[in-house]
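User: I am new to this model and would like to understand the words that are used to describe it. Please take the terms one at a time and set each value against its definition.

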Amino acid sequence: MVNRDWRPFAYGGLASIAAEFGTFPIDTTKIRLQVQGQVSDAKFKEIKYNGMTHALLRISKEEGVKALYSGIKPALLRQATYGTIKIGIYYTLKGIFIKSPHEETLFKNVLCGVTAGVIGASIANPTDVLKVRLQAEKQAYAQRGMFLCFLDIYRSEGLKGLWRGVCPTAQRAAVCAGVELPVYDITKKNLILSGLVEDGILNHLISSFTAGLTGAIASNPIDVVRTRLMNQKKLRTALVDGARVEALYTGSFHCAIHTVQTEGILALYKGFVPTWVRLGPWNIIFFIMYEQMKRLY
């Protein structure tokens with residue numbers, strides 16, 4: 001019988017919103033670092049930031065502290081949808097496929113995580129598009145409400161604009177959810193079985209930190225591609241050094257290849273430090289809050 005428990009959905013959404021708000025300024029620096037240095041886009045060709053700390057300080061000084069929270073509304077809306085769906089589906093599927101603790105395997109957890117991540121990210125993609133654009137270019141959407149921004153994207157770019165970058169977004173979500181959630185559960189389980197750490201906050205802290213690190217390493221290249229595709233408008237040409245050139249990226253593979261060819265392989269790990277610094281606290285806040293709410297079951 002299918003598990004119809006609503007609590008993993010509700011608790012997953014609430015914990016995701018709390019974790020997102022607490023780590024959002026770091027995510028803004030990650031987006032700025034990932035979009036800079038694109039040789040085919042004059043607007044983002046300049047290397048403005050030398051790293052996460054420099055980006056935090058420069059954005060705060062030049063644009064104000066509020067700029068670090070540009071895109072927070074669609075980000076929270078995204079977590080209210082993506083986080084709710086992802087966690088709810090993950091633990092629901094685990095309840096279907098894993099009837100007892102000894103049946104739990106890494107393969108089953110990864111399968112549940114990948115499925116949950118793809119479904120959740122695909123549905124929530126429009127909120128991610130707006131979040132990325134607000135973080136990358138605050139002034140273009142300043143003084144406009146979230147609904148009008150969605151409407152502007154739809155009017156100028158159609159439904160494709162709202163679901164721009166959905167493939168790498170789903171791929172990233174598959175990697176993140178397929179790595180972070182299983183790694184957390186397996187680490188937590190093994191710590192308990194080893195007798196080193198009981199099922200408490202210290203266990204949750206170690207497990208969530210491990211999940212965040214592995215998720216950052218696995219997902220960063222896809223995240224760079226996703227960010228650049230989402231930030232790209234519908235324009236088919238771009239102005240570079242006074243000359244018109246073809247549009248930046250035609251798809252995920254083209255974006256990845258073009259990025260490596262023009263900026264080097266390490267460009268796929270632009271923003272890795274803020275990605276890791278953010279995913280660590282994000283997972284810690286999320287999993288500890290989620291575990292505490294689970295005690296209400």
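Analyst: Angles between axes under 35 degrees count as roughly parallel, over 145 as roughly antiparallel, 65 to 115 as roughly perpendicular and the rest as oblique. The model is predicted: local features need pLDDT of at least 70 and side-chain atom pairs count only at pLDDT 80 or more, while totals for chains, interfaces and linings use all residues. Residues are numbered from 1 along each chain as its sequence is written, and side-chain values use heavy atoms, with hydrogens and water left out.

User: Why are helix 1 and helix 7 called roughly perpendicular to each other?

Analyst: The axes of helix 1 and helix 7 come within 9 Å and cross at roughly 80°, where axes are lines fitted to C-alpha atoms, for helices over the stretch in contact, and angles run from 0 to 180 degrees between N-to-C directions. Helix 1 and helix 7 are therefore roughly perpendicular. Lys 30, Ile 31, Gln 34 and Val 35 of helix 1 make this contact with Asn 220, Asp 223, Val 224, Arg 226, Thr 227, Arg 228 and Asn 231 of helix 7, contact meaning heavy atoms within 4.5 Å. By class there are three nonpolar, four polar and four charged residues; Ala, Val, Leu, Ile, Met, Phe, Trp, Tyr, Cys and Pro count as nonpolar, Asp, Glu, Lys and Arg as charged, and the others, Gly among them, as polar.

User: What makes helix 7 and helix 9 oblique to each other?

Analyst: The axes of helix 7, which spans residues 201-231, and helix 9 come within 7 Å and cross at roughly 140°. Helix 7 and helix 9 are therefore oblique. The residues of their contact divide into 12 nonpolar, eight polar and two charged.

User: What is the relation between helix 7 and helix 8, and which residues meet there?

Analyst: The axes of helix 7 and helix 8, the latter covering residues 252-263, come within 9 Å and cross at roughly 105°. Helix 7 and helix 8 are therefore roughly perpendicular to each other. From helix 7, Val 225, Arg 228 and Leu 229 meet Ser 252, Cys 255, Ala 256, Thr 259 and Glu 263 of helix 8, a contact with four nonpolar, two polar and two charged residues.

User: What else does Ser 252 touch?

Analyst: Leaving aside residues up to four places away in sequence, Ser 252 touches Cys 167, Pro 168, Val 225 and Leu 229. The C-alpha atom of Ser 252 is also separated by 7.7 Å from that of Gly 165, although the two residues are 87 residues apart along the chain.

User: How many cavities does the structure hold, and what makes a space a cavity or a pocket?

Analyst: On a 1 Å grid over the protein atoms alone, a cavity is a set of points where a 1.4 Å probe fits but cannot get out, whereas a pocket is an open set with protein on both sides within 12 Å along at least five of seven lines, and lining residues have an atom within 4 Å of a point. The structure holds one cavity of 30 Å³ or more, and about 210 Å³ of space lies in the largest cavity. Its lining has 16 residues, with Arg 78, Gln 79, Tyr 82, Arg 172 and Arg 278 nearest the centre. Helix 3 gives the most to this lining, with four residues. By class, the lining of the largest cavity has four nonpolar, one polar and 11 charged residues.

User: What is the volume of the largest pocket, and which residues are closest to its centre?

Analyst: The largest pocket has a volume of about 640 Å³. It is lined by 23 residues, and Tyr 91, Lys 94, Asp 185, Lys 188 and Lys 294 are the closest to its centre. Helix 6 gives the most to the lining of the largest pocket, with five residues, and the classes there are eight nonpolar, five polar and 10 charged.

Technical notes: Points joined across faces, edges and corners; volume = space filled by probe spheres on them. Helix = DSSP H or I, 4+ residues; strand = E, 2+ residues; numbered from the N terminus.
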